[in-house]
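Let's take a friendly walk through a protein model. Have the sequence and the 3D view open as you read.

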Amino acid sequence: MPRHTLALKSGESLRLLLIHADYFEYHVREPAVKKPEQLTDDRKSLELTNTLVVFVTVERDDEGKLESIVRSATHAICDVYEKVSPSSVVIYPYAHLSQELASPDKALEVLRKLEEQIAGRGLRVFRAPFGWYKAFSIKCKGHPLAELSRTIKGEESAYEEVVEREESEFIIVEPNGEEHPLELSEVEENSVLAKYPLLKQFIRSEELGIKPHKMPEHIRLMRRLELVDYEPASDVGHFRYYPKGELIKNILEDFATQMAIRDLGAMKIETPFLYRLSEPDIAEQAARFRERDYRLRVGNKEFVLRFAGDFGLFRMMKTTTMTYRQLPIRIYELAKAFRLEQSGELVGLRRLRAFTMPDIHSFCRDLKQGMEEYEALFKYYTRLVNAIGIEYVLAFRVVKDFYVEHKEWIKRMIREVGVPALIELLPKRKHYWVMKHEYQFVDSVGGNAQLCTVQLDVEDSERYGIFYVDEDGKKKGCIIVHSSMGSIERWIYALLEEAAKKLKRGEVPKLPTWLSPIQVRVVPVSKEYLNYAIKVAEELERRGYRVDVDDREETVSAKIRDAETEWIPFIVVVGREELKTKKLSVRIRGEGVRKMDMEELIERLKDEVKDMPKLPRYTPKLVSLKPRFS
RNA sequence: GCCCCGGUAGCUCAGACUGGUCGGAGCGCCGCACUGGUAAUGCGGAGGUCCCGGGUUCAAAUCCCGGCCGGGGCUCCA
């Protein structure tokens, strides 16, 4: 008999394991539950050949959606039946596929209905009795379709997903506001897109699914540069950060926080990672993300790890008293989030199971204020993307009626950024938002990922129990604008991929100076000049820059080479000559060697770092003291 | 999650098809000499359960099965 793997995820659905068997038999032994199903003699044992044995587990959450579950399960079973042509079907209650069993009477009800439905389709069907220990033997046929498992969900089962999908329309809006229709089938011939290669590549990747077939470069780079690495001892998609990667991550986090607070006056909060599934609103939120959330049981409580910041935020806002005078209220959280993405979907830092997402939620009085807020956030994220310095693409998704009504407003925003935009017009609203936009990134191999997004949520907040007090003293639901700059990890991906694109074009790859783990490396020509090198470094450090000193016993060439392979933007060589003239010999990445004095170098650094966050070195001052992490 | 490909020293990889002196190279690391001027100074040394678990065989890094991790594809991306 072939071996079966019965390990299935804990979840919230009906589980089926279908075995096409040459031979199957069972014999009832003794009761397994307090009130087992009443039995007639003819059901105490059974022996069949060429049969389809369906092991069925009814899960707790199946209760309440019995009808659709039974319908879908019947469909699934008949589907397999037609493919393998057995001469009968056996429904076999099998509790062991689950940790979250439904109550026995509900389970029995489902099994009976299932039997009835299948019989109703004219098939010969048997049902093994429920609530009894049974001995069984099975001889699996072992062909490719002989062993299958199915997960059946209520309502939106894969088996009834025949719902006709109305197609979106696409248009391109040029920076000057000119509008052009776009047929996705004619992307290659489109003359407007020919002017905007990045946007064209984005549409190929995002809308047409034309994929790069290549490994994105950042995966190699994140390890070469000792920034980030896999951690096989954790779950897949959970990474570890070496000091230099941690520093970059922390600077980006500080940047997100600083921008939100300084530019928008948002209020920063923090909420828990874990939420109880027994809370109805949490359960409802979790249900939106079926099978994509981490669940864990502690004692007799079941928890879900948040997959977005909303969980704790909405809870907090429920008990917050806000008045119309205070709106819009902007709340910022730097939230660690967890999503159980399918393992095959994870790609380096592009898609993770654990990531850090800064988000801002704005609570607004009405649609008018919501739209003003949307525009403010649009401008905010545009400044933010421009400040980090990567190429990006702009895409809007708008419900068509809303677009028609607010066309000029949207075009005004596009003109403001000065880049062309792809607009997807949805025939009708199917999400909580009427409109959103995304700043998307296109990587070195032609793949893409969403960075910033702003969403105008028009289902007002009453559904979450969030209210403000209006002028008339009455409680009202508000309009929520959801927004995020995208995960910090994904920004690291974008920065590394941006550098990889430079490399591909034959340019020198680099990180912006404000994000470089080491901004200046001082290289003494020999031991004699080490003290002077340290003095130079200390002066730069006092001025707020990350500097280290290569004190190793290596040749100058070797030390320069190492600094270059680390992508250090400024390399200062000091020796006899520098000591004498008090000038510095500065090798600027991608430019060449220049003689500068200390103040000139500091001016240059100041100019590149501007008012971006500053953090100290996370690695030793002396290069010889730093271990190699990867 | 499914399909295809891969996993050999800290890192990058050769060896595998045709099982048997194949456990190898470069980088890194350690030691000695060199006292350095803008992308690799020379010489020497240490390092490996050949991813893990089973199987086939007189014999397995090598062949077979299962698992784990990674890459690509499919699907997915509230």
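## The whole chain

Chain A has 14 helices and 28 strands. Keep in mind that this is a predicted model. Along its principal axes, the C-alpha trace of chain A spans about 105 × 65 × 55 Å.

How much of chain A counts as buried? Of its 630 residues, the share is 53%. Now take the contacts in chain A between residues at least 6 apart in sequence: 75% of these join residues at least 24 apart.

Before we look at two pairs of helices, here's a handy idea. Two packed helices are described by the angle between their axes and the distance between the axes.

Start with helix 8 (residues 367-388) and helix 9 (residues 400-417), whose axes come within 11 Å and cross at roughly 30°. Angles under 35 degrees count as roughly parallel, so helix 8 is roughly parallel to helix 9. The crossing of helix 8 past helix 9 is right-handed.

Who touches whom? On the helix 8 side you'll find Met 371, Tyr 374, Glu 375, Phe 378, Lys 379 and Thr 382, and they meet Phe 402, His 406, Trp 409, Arg 412, Met 413, Glu 416 and Val 417 from helix 9. Sorted by class, this contact of helix 8 with helix 9 has 7 nonpolar, 2 polar and 4 charged residues.

## Helix 5 meets helix 10

Next up are helix 5 (residues 243-264) and helix 10 (residues 488-504), which pack at an angle of about 115° with their axes 10 Å apart. Helix 5 and helix 10 are therefore roughly perpendicular to each other. Their crossing is right-handed.

In this pair, Ile 248, Lys 249, Leu 252 and Glu 253 of helix 5 meet Ile 488, Glu 489, Trp 491, Ile 492 and Leu 495 of helix 10. The contact of helix 5 with helix 10 divides into 6 nonpolar and 3 charged residues, with no polar ones.

## Zooming in on Ser 461

Now for a single residue. Ser 461 sits in the loop between strand 20 (448-457) and strand 21 (467-469). Is Ser 461 buried or exposed? Its relative accessibility is 0%, so Ser 461 counts as buried.

What does the side chain of Ser 461 reach? It gets to the backbone nitrogen of Cys 478, at 2.8 Å. If you leave aside neighbours within four places in sequence, Ser 461 is in contact with Ile 466, Phe 467, Gly 477, Cys 478 and Ile 480.

How values were computed. Residues numbered from 1 in each chain as written. Chains lettered and ligands numbered in written order. Predicted model: local features only at pLDDT ≥ 70, side-chain atom pairs only at ≥ 80, totals over all residues. Heavy atoms only, no water. Helix = DSSP H or I, 4+ residues; strand = E, 2+ residues; numbered from the N terminus. Buried < 20%, exposed > 50% of the residue type's maximum accessible area, 1.4 Å probe, protein only. Polar contact = N/O pair within 3.5 Å; in protein donor to acceptor, adjacent residues only side chain to side chain. Contact = heavy atoms within 4.5 Å. Axes fitted to C-alpha atoms, helices over the stretch in contact; angles between N-to-C directions. Parallel < 35°, antiparallel > 145°, perpendicular 65-115°, else oblique. Left-handed = near helix turned anticlockwise from the far one by under 90°. Nonpolar A, V, L, I, M, F, W, Y, C, P; charged D, E, K, R; others polar.
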